Amino acid sequence: MSQTLPTHAHVVIIGGGIVGCSLAYHLTRLGITDVLLLERKTLTSGTTWHAAGLVGQLRATQNMTRLAQYTSQLMAGLEAETGQATGFVQNGSISVANNQERFEELKRGASMARVFGLEVEVITPREAAAKWPLMNASDLVGAVWLPGDGRTNPADTTLAFAKGARQKGAVILEGIKVTGIVQKNGRATGVTTAQGDVAAEVVVNCAGMWAREVGQWAGVNVPLHAAEHFYIVTEPIPGISKDLPTLRDPGGYTYFREEVGAILAGFFEPVAKPWGMAGIPETAEFIRLAEDWAHLDTALDAMAHRMPVTQTAGIHTFFNGPEAFTPDDRYHVGESPELKNFYVAAGFNSIGIQSSGGAGKVLAEWIKHGRPPMDLWDVDIRRNQPFQNNRRYLHDRTVEGLGLLYAMHWPFRQFETSRGVRQSPLHDRLAKAGACFGEAAGWERANWYAPAGVEPVYHYSYKRQNWFEHSAAEHRAVRENVGLFDQTSFVNFLLQGPDALTVLNRVCGNQIDVPAGKLVYTQLLNERGGIEGDVTVTRLAAESFMIVDACWQQNRTYHWLKDQIRAGEFAVLTDVTSAYATLSVMGPNARALLSTVTPADLSNAAFPYGTTQQIELGYALVRAARTTYVGELGWELYLPMEYAQHVYDTVTAAGAAFGLRHCGYHALNSLRMEKGYRHWGHDLSDEDTPIEAGLGFAVKLDKPDFNGRAVLLRQKAEGVRKRLVHFALDDPEPLLYHNEPIWRDGRIVGHITSGMFGHTVGAALGLGYLHHDEPITPEWVAAGRYEIEVATERVPARASLQPFYDPAGRRIRA
């Protein structure tokens, strides 16, 4: 390797683990060969060197699975391409279940795998034991076999990526520590080192468990924290073959694989040990931490139960090394929102090896083209909130996060640690009303309300959970009477200035040049016609607009919108989320209730749908918006935070005479599913257009040039080959969540993007995209016979291009 430090490179990569080397490899394959990778010590010396090398293909979502599949395919040919041995073998994997709930989770995963074309088989305990003869299968109820999974040697694979990158011109230097990020005019322009500065057009933070520190040099939040991560290796055991598949026993927190004729057993214990709270030592490389047998007592018992031979086999190695974990157990990739041309790929939560190829590929394409090549919202660094970089928050969340990788992935499961960060001014009042809170982007939000005598605590299941009937009552209250939602977690932006309208009409599909007081539902569009946001825009005055979005998109939408303001345009974007609380009063009696607490005329003539007004309510002034996400008559009330308690008290006091019911986000979800309202991040992404998503009504194609107009005009004229469709199961018992395969006439044609039980319709409902080789027509949709696969069982379903509840929208205009 050359030891001369260049003074310039097009791309500088910080960190020589497997992900940094994969990125260098993929950049050179795209023709970006002026790449400099700087490693502070030795390649792989951070966390890569001690990884177990598992290469699984099935992840939690479609695009993450696509990336894992790519990694596996890449590794199968990497050794032949580069001439560097990798140790990759494709010997399959088995995941076992020791109870019916775990088996349902595995079967749902198997169904999802079929959507992506993965070879998968649900097998019996006897069949699983035949593949791993030393396993105790006596208490198992089933298993899943993925023959395409494999394993690799992490260090050798990293060296193969590095060799492949160097073969195409990249420079990789060891023993050079980056000490700072050079910036100018809001862009990264290089790095500083003890050996000199290097100018660059792009800087990438692949620093592993040091990535948070490197991010702070640049003013970029990279929330992650190291944890102690354990595995043991036995002495050689007769009967252990290198051809044995990887065995995952998530109920026992353990995975097993062969290691030179012995068993390697790794652990994801429920309560983890954070590490590095005082910082990582300057000299640290190839870190080995102290043994801690007591910490693993429960996990070791589970290991011995599943693999009895480990009770008598000697222990050759007890390994404890650090690994970086993020607050939501999903890695960080993409351009940072805080600093242009500063990219991140870090925080891989112990799946860095199997993610390395895919992450390197998509980040290289992002750097080359200036945008993500696919929907990467699951791992997009813009999903994070600034507070999540707080050290205490990260420490406490890491205690839980490591174990969640092998815990049950229950529907609606809530984090238990690092809670209470962001609260509505009404939090205590909602708690007294029986709220069971969930967490979203740090916000404590009422998901459902427990009636008197019921504890507001989740009892998880893949079936109907303990809150199902309580949420159903909330749902019916909104459909039949009136309900109250606290939606203070809504994100609010102000865009102001002489060019504010120009900016918005360029990025929005709908027409924003409307009279003051008019509210517009619209999508934020990229140049490909893809949906960057699903928002409402209210024109407050000639040069002032309020944009409302969901809480998860706060960071992403703010920076995306800010980037859309061109040089020379006078428009100022301000995040005013923390200034406003939001209450929603929804249902057929919403007008009657609110008319008792405001002198404003709420009639259709005076206050039509899709408009806003400032009204008096109690002693306060609030902005009332006649809009809905539940499909009923109602108003969203936007008010300064200091008025929230007074307005809430006023509305609830008057509501007693009407039977007003507190309603949570689970009811909001079931209500919106009946009405077919979309959810960005599930039903919508930057890869989906409004025409494909059935939102053509929110696009004004007669507007002059706006983002994606040419694409949408073409789709309107030619038709689309994927289309979002509504589904309802014929059987009322199974429940839909997401990623369930959609079968049409015996062939998989898509998957469910979001699901919930519709209490008014009386069926499990789903939204999902259908894919077809020809333009999709209403006749083609209607002609099909549909089934949704739930945990490997196909359930007959109805398909519709219209929502199952009030398709004409009469109730919202009542």
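The axes of H2 and H5 come within 10 Å and cross at roughly 55°; axes here are lines fitted to C-alpha atoms, for helices over the stretch in contact, with angles running from 0 to 180 degrees between N-to-C directions. That makes H2 oblique to H5, where under 35 degrees counts as roughly parallel, over 145 as roughly antiparallel, 65 to 115 as roughly perpendicular and the rest as oblique. The crossing is left-handed, meaning the near helix is turned anticlockwise from the far one by less than a right angle; clockwise would be right-handed.

This is a predicted model, in which local features need pLDDT of at least 70, side-chain atom pairs count only at pLDDT 80 or more, and totals for chains, interfaces and linings use all residues. Residues are numbered from 1 along each chain as its sequence is written, and side-chain values use heavy atoms, leaving out hydrogens and water. Helices (H or I, at least four residues) and strands (E, at least two) are DSSP runs, numbered from the N terminus.

Which residues of H2 meet H5? Leu74, Met75, Leu78, Glu81 and Thr82 do, contact being heavy atoms within 4.5 Å. On the H5 side, the partners include Phe161 and Lys163. The contact divides into 5 nonpolar, 4 polar and 2 charged residues; Ala, Val, Leu, Ile, Met, Phe, Trp, Tyr, Cys and Pro count as nonpolar, Asp, Glu, Lys and Arg as charged, and the others, Gly among them, as polar.

Next, H1 and H8. Helix H1 (residues 18-29) packs on helix H8 (residues 352-369) at an angle of about 40°, with the axes 8 Å apart. That makes H1 oblique to H8. Their crossing is right-handed. Leu23 and Leu27 are among the H1 residues in the contact, and Gly360 and Leu363 among those of H8. Here the division is 8 nonpolar, 6 polar and 1 charged.

Now the cores. A nonpolar core is a set of buried Ala, Val, Leu, Ile, Met, Phe, Trp, Tyr and Cys residues joined through side-chain atoms within 4.5 Å; buried means under 20% relative accessible area, exposed over 50%, partly exposed in between, with a 1.4 Å probe and protein chains only. In the largest core, of 45 residues, Ile13 and Val204 touch the most other members. H1, H2, H5 and H8 are among the elements that each supply at least two residues of this core. Not counting residues up to four places away in sequence, Val204 touches Leu23, Leu363 and Ile367, among others. A second, separate core of 36 residues includes Val203 and Ala211.
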